[in-house]
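Here's a quick briefing to read with the model open.

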Amino acid sequence: MVDPEVHERLTARRAELDELEEHLVKQLSEVRAERDELAVAVRVWQRMSEQLADERATAGSPVVQVAGRAVRLIPDRASGVAESALPADYQRILAALRQAGGPVATRAVGEALGLDTGVRGKLEPLRGKLTKLADRGWLHKRGDGKFTVRP
């Protein structure tokens, strides 16, 4: 016959081990799920890297797939990068700024492009494009919010 105290200790230890096993199974499941997610992220990164490399090798502004949607990248302005590498709408924006000849507000660029400037929602995407061109070195954004073409 087993001593009741030994039996109690064995039962308690078995409960501890069962609890630990349950915790480890849960933790293992979480680790496997995260590892699977990481594998997917690596595949997406590799595919996008290859696609970017291919697109950069061809003339024009590269197009990549993000969430199943084609997105055109705006290249940084550098020697050897022609304005023709920009998408057509960005080229029209640069032409409108050149035609203005000086610092131009977003509204004036919108008017030159024939946008409905009375609706603020029509100007915000244009402001985003102007800012993107400034961030990439194609334009200069002044402190007063106006834009000029870099020489």
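Val-2, Val-6 and Leu-10 make a nonpolar patch on the surface, together showing about 260 Å² of accessible area. Patch members have over 30% relative accessible area and no salt bridge (a Lys or Arg side-chain nitrogen within 4 Å of an Asp or Glu carboxyl oxygen), and nonpolar side chains (Val, Leu, Ile, Met, Phe, Trp, Tyr) are joined within 5 Å. Areas come from Shrake-Rupley with a 1.4 Å probe, and for residues only the protein chains shown count as cover.

This is a predicted model: local features need pLDDT of at least 70, side-chain atom pairs count only at pLDDT 80 or more, and totals for chains, interfaces and linings use all residues. Residues are numbered from 1 along each chain as its sequence is written, and side-chain values use heavy atoms, leaving out hydrogens and water.

- Val-6 sits in helix H1, residues 4-57 (helices are DSSP runs of H or I, at least four residues; strands are E, at least two; numbering starts at the N terminus).
- Val-6 counts as partly exposed because its relative accessibility is 39% (buried is under 20%, exposed over 50%, partly exposed in between).

**Core**
- The largest nonpolar core has 16 residues, and Leu-86, Ile-93, Leu-97, Val-109, Leu-130, Leu-133 and Leu-139 touch the most other members (a core is buried Ala, Val, Leu, Ile, Met, Phe, Trp, Tyr and Cys joined through side-chain atoms within 4.5 Å).
- Helices H2 (88-100) and H4 (120-135) are the elements giving two or more residues to this core, and H4 gives the most, with five.

**Overall**
- The protein has four helices and four strands, running α-β-β-α-α-α-β-β from the N terminus.
- Buried residues are 19% of the 151.

Methods: Patch = residues over 30% accessible without salt bridge, like charges linked within 9 Å, V, L, I, M, F, W, Y side chains within 5 Å. Buried < 20%, exposed > 50% of the residue type's maximum accessible area, 1.4 Å probe, protein only.
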